[in-house]
Amino acid sequence: MLRTLFLSSLIALSSLGLSAPALAAELQTIKLEVDNMTCSMCPYTVKKALRKVDGVTAVKAQYEGDGKGWAEVTFDPAKTDVQQLIQASTEAGYPAHQ
Ligand SMILES: [Cu+2]
């Protein structure tokens with residue numbers, strides 16, 4: 001949903017003749033599903049891992065029960081990307097996916 005909005009605003013802006021570098025400072029927010037959570041402390045570990053990624057400006061995470069949780073990450077797409085965020089959470093022991 002956010003990704004679609006982001007892409008359609010990119011298309012809208014480029015049709016106005018704005019160049020790509022003008023968008024470089026735009027932050028992007030995505031929500032990842034996070035596996036392997038077992039308690040309400042797990043989100044802290046996930047948050048810590050994601051905040052270490054260069055370009056990440058904000059992280060929210062929550063345990064939803066049943067081994068599942070989520071993380072909402074705001075980042076600068078000029079510095080990092082979804083794959084790196086997924087990797088950081090996964091390396092901390094919590095496999096993430098969109
Ligand atoms: Cu836990």
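The model is predicted. Its 4 strands form an open antiparallel sheet in the order β2-β3-β1-β4. Helix α2 lies across β1, β2 and β3, while helix α3 lies across β1, β3 and β4. The two helices pack with their axes 9 Å apart.

**Sheet order and edges**

- Reading across the open sheet, the strand order is β2-β3-β1-β4, and the pairing is antiparallel.
- β2 (56–65) and β4 (96–97) are the edge strands; each has a single partner strand, so one side of each lacks a neighbour in the sheet.

**Strand pairing**

- β2 pairs with β3 (residues 68–75) in the antiparallel sense, over 8 bridges.
- Within this part of the sheet, Tyr63 has Gly69 of β3 as its bridge partner.
- β1 and β3 are also paired in the antiparallel sense, again over 8 bridges.
- Lys31 stands opposite Glu72, a residue of β3.
- The antiparallel pairing of β1 with β4 runs over 2 bridges.
- Opposite Val34 stands Ala96 of β4.

**Helices on the sheet**

- α2 spans residues 42–51 and lies across β1 (28–35), β2 and β3.
- The direction of α2 is at about 160° to β2.
- α3 spans residues 82–91 and lies across β1, β3 and β4.
- The direction of α3 is at about 35° to β1.

**Helix against helix**

- α2 and α3 pack at an angle of about 135°, and their axes are 9 Å apart.
- That angle makes α2 oblique to α3.
- The crossing of α2 past α3 is right-handed.
- On the α2 side, Val46, Ala49 and Leu50 make the contact; on the α3 side, they meet Leu85, Ala88 and Ser89.
- By class, this contact has 5 nonpolar residues, 1 polar residue and no charged residues.

**The loop between β2 and β3**

- Asp66 sits in the loop that joins β2 and β3.
- Asp66 counts as exposed because it has 8 C-beta neighbours inside 10 Å, and the cut-off for exposed is 12 or fewer.
- Asp66 and Thr38 are 28 residues apart along the chain, yet their C-alpha atoms are separated by 7.3 Å.

Note on methods: Residues numbered from 1 in each chain as written. Predicted model: local features only at pLDDT ≥ 70, side-chain atom pairs only at ≥ 80, totals over all residues. Pairing = 2+ DSSP bridges. Contact = placed C-beta atoms within 7 Å. Axes fitted to C-alpha atoms, helices over the stretch in contact; angles between N-to-C directions. Parallel < 35°, antiparallel > 145°, perpendicular 65-115°, else oblique. Left-handed = near helix turned anticlockwise from the far one by under 90°. Nonpolar A, V, L, I, M, F, W, Y, C, P; charged D, E, K, R; others polar. Buried ≥ 20, exposed ≤ 12 C-beta atoms within 10 Å, placed from the backbone.
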